[in-house]
Amino acid sequence: MNKQIRKIKDNLLYIVIGIILAAYVFSILFMLGWAFITTFRSYFDFLSNPIAFPSKIIFQNWIDTFTLFAVPVYKNGVLYAQYYIEMMFLFSVLYAVGCAFMQTATGCICAYLTAKYKFKLGKIVYALVIITMIIPIVGSLPSELMMLRTLGLYDSFFGMYFMKMNFLGMYFLVFYATFKSLSWGYAESAFMDGASHLTVMLRIMLPLARTTFLAVFILNFIVYWNDYQIPMLFLPSYPTMAFGLFYMKFAATQNFGKLPLQLTGCMMVALPVFVLFAVFQKRMMGNLTMGGLKG
């Protein structure tokens, strides 16, 4: 009887949790769907009924956004250039891909060395990662700006790549756990065949962790793609799409101040992320599987 009561309680709990999650998912999908539908409505049609379907589907919002979605760049108080969505898309790709790869690769390599090689510095590195995750570190932007200006890397993509070459953060622990779970027997077999430590890392161990690497890279890419604050401070001459959307929101012209146009700009910024997730969702959700060892 007790087991049946416990089973009923567990089933009720699962049902309640399922309802809550379903409501949460529906709210997100509803807002995304509403925003996407609104991009095909005229401004006056939107004012008549904000949550209704468009009385007439138009594509003018997308056309106008390509024309109005622009950011002026000033140097020494003089207009230097005005970048439209094509160039901002290129800057976003250079910024997001480069920074995501540098941060993911650095964390992956440091985690591999810490997990697979026993040296005193490894414990210090691991402890440093934990400490920096616990202690809030704020106010580092002025020192980072000063460092990049001193090195001559301010307002350049190489400067941003250099800044992101760090191993701190939660993803270090993800890579550390991944490499801890990998058998060292693969490396020992390669050593017997004359492989060097670098060869083992690049051709054996890192490929075994490629699923984790790709998942972390995509997550970092999404973070940098949606980031507008860092490009605004460190890349003033190379505005990204996220910064362009921020600029057009708070320095909007009379036309771009209309909500359908703003939502169209949001959809343009979010569309690459949706495509990326749709293409790589199986890799992101998949588990790392490996074969057995012989001998």
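Start with the aromatic rings. A search of the whole of this predicted model turns up 27 aromatic pairs.

Select Tyr 83 and Phe 91. Their ring centres lie 5.1 Å apart and their planes meet at 85°; planes over 60 degrees apart count as edge-to-face, so this pair is edge-to-face. Are these two residues buried or exposed? Both Tyr 83 and Phe 91 are buried.

Next, select Tyr 112, Tyr 117, Phe 179, Trp 184 and Phe 191. Together they make up one aromatic cluster.

Now look for charges over rings. Show Lys 75 with Tyr 80. The charged end of Lys 75 sits over the Tyr 80 ring, 4.1 Å from the ring centre. Then show Arg 149 with Tyr 154. Here the charged end of Arg 149 sits over the ring of Tyr 154, and the distance to the ring centre is 4.0 Å.

Move on to the nonpolar cores. In soluble globular proteins, nonpolar side chains tend to be buried together. The largest nonpolar core has 40 residues. Which members touch the most others? Select Phe 69, Tyr 95, Met 160, Trp 225 and Met 241 to see them. Then colour helix α4, residues 85–116. Helix α4 gives the most to this core, with seven residues.

Zoom in on Met 160. Leaving aside residues up to four places away in sequence, Met 160 touches Tyr 95, Cys 99, Ile 230, Phe 234 and Leu 235.

Last stop: another core, of 21 residues, lies apart from the largest one. Select Phe 172, Phe 175, Leu 182 and Val 216, which are among its members.

Definitions and conventions
Residues numbered from 1 in each chain as written. Predicted model: local features only at pLDDT ≥ 70, side-chain atom pairs only at ≥ 80, totals over all residues. Heavy atoms only, no water. Core = buried A, V, L, I, M, F, W, Y, C linked by side-chain atoms within 4.5 Å. Buried < 20%, exposed > 50% of the residue type's maximum accessible area, 1.4 Å probe, protein only. Helix = DSSP H or I, 4+ residues; strand = E, 2+ residues; numbered from the N terminus. Contact = heavy atoms within 4.5 Å. Phe/Tyr/Trp six-rings, centres within 6.5 Å; stacked < 30°, edge-to-face > 60°. Lys NZ or Arg CZ within 6 Å of the ring centre and 35° of its normal.
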